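Here are my notes on this model, written as numbered points. Keep the structure open while you read, and look up each residue as it comes along.

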Amino acid sequence: MAQPNKQRHPDWAALVIAAGLLALALLVAWDASRLGAGGAYARIGPQTIPYAIAICLGGLAIWTVIAAYRHDFLEREQQDFPPVLWIVGGLIAQMALIKFAGFSIATGILFAMTARGLGKVSLPLALLSGFLLSAFVWFLFARLLQLTLPAGPIEHLIIQGADLVTAPFKAAPGSAT
């Protein structure tokens, strides 16, 4: 008895990826069409690179469709969804909290939920580690590099602590330096 041909059906996951690549290519091309063409003397303007990227993305979409019908992709392992949900939940929590709770708390929660998704079971320890690491990163970027990151309660404590430490070294108002 002959076995049915398994290769008659395309790789549907690859076709979904190809559709996403094509949609992204069209979005980039549409956005590039809204840019100014530059001076009439220039052949290369602000539209050139976005159009090149859109063409490359379109080519990747076509290549992915061909590969989907030829079954050129490796067999994928079964996806374990709980870790993915922990990580995606952490990203959503960070996006929702960063404006109100500040960088350290929001990113600390992301760190802890990612650690939990990757198998770390002590959520309180992961939260504490995440808060401390995120506060250190915030301090490096916001205070030393003078970049703007959202500040929350932890960041305000860091600012107050830094002001207390540096207060003796600041000149008094009205004194000559």
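1. Ile-92, for example, is found in helix α3, which covers residues 81-101. Overall the chain has six helices and zero strands, and reading along the sequence gives the pattern α-α-α-α-α-α.

2. A word on where this comes from. This is a predicted model, in which local features need pLDDT of at least 70 and side-chain atom pairs count only at pLDDT 80 or more, while totals for chains, interfaces and linings use all residues. Residues are numbered from 1 along each chain as its sequence is written, and side-chain values use heavy atoms, with hydrogens and water left out.

3. How much of the chain is buried? Buried residues make up 24% of the 177 residues. Here buried means under 20% relative accessible area, exposed means over 50%, and partly exposed is in between (1.4 Å probe, protein chains only). The areas themselves come from the Shrake-Rupley method with a 1.4 Å probe, and for residues only the protein chains shown count as cover.

4. Now look for the nonpolar surface patch. Phe-81, Val-84, Leu-85, Val-88, Leu-91, Ile-92 and Met-95 make a patch of about 680 Å². Patches are built from residues with over 30% relative accessible area and no salt bridge; like charges are joined within 9 Å, and nonpolar side chains (Val, Leu, Ile, Met, Phe, Trp, Tyr) within 5 Å.

5. Next, the largest pocket. A pocket is an open set of points on a 1 Å grid over the protein atoms alone, with protein on both sides within 12 Å along at least five of seven lines, whereas a cavity is a set of points where a 1.4 Å probe fits but cannot get out; lining residues have an atom within 4 Å of a point. The largest pocket holds about 170 Å³ of space; grid points are joined across faces, edges and corners, and a volume is the space filled by probe spheres set on the points. Its lining has 10 residues, with Asp-11, His-71, Phe-73, Glu-75 and Arg-76 nearest the centre. The lining splits into four nonpolar, two polar and four charged residues. For that count, Ala, Val, Leu, Ile, Met, Phe, Trp, Tyr, Cys and Pro are nonpolar, Asp, Glu, Lys and Arg are charged, and the others, Gly among them, are polar.

6. How many salt bridges does a search of the whole structure find? There are two, a salt bridge being a side-chain nitrogen of Lys or Arg within 4 Å of a carboxyl oxygen of Asp or Glu. Side chains of opposite charge can pair when their charged atoms come close.

7. Arg-143 is partly exposed at 31%, and Asp-163 is partly exposed at 34%.

8. Some pairs to find by C-alpha atoms. Leu-24, in helix α1 (residues 12-33), is 8.4 Å from Gly-58, 34 residues apart along the chain. Gly-36 and Pro-46, 10 residues apart, are separated by 6.9 Å.

9. Last, check Gln-146 in the loop between α5 and α6. Gln-146 has a positive phi of about 60° although it is not a glycine, and it is exposed, with 61% relative accessible area.

Key. Helices (H or I, at least four residues) and strands (E, at least two) are DSSP runs, numbered from the N terminus.
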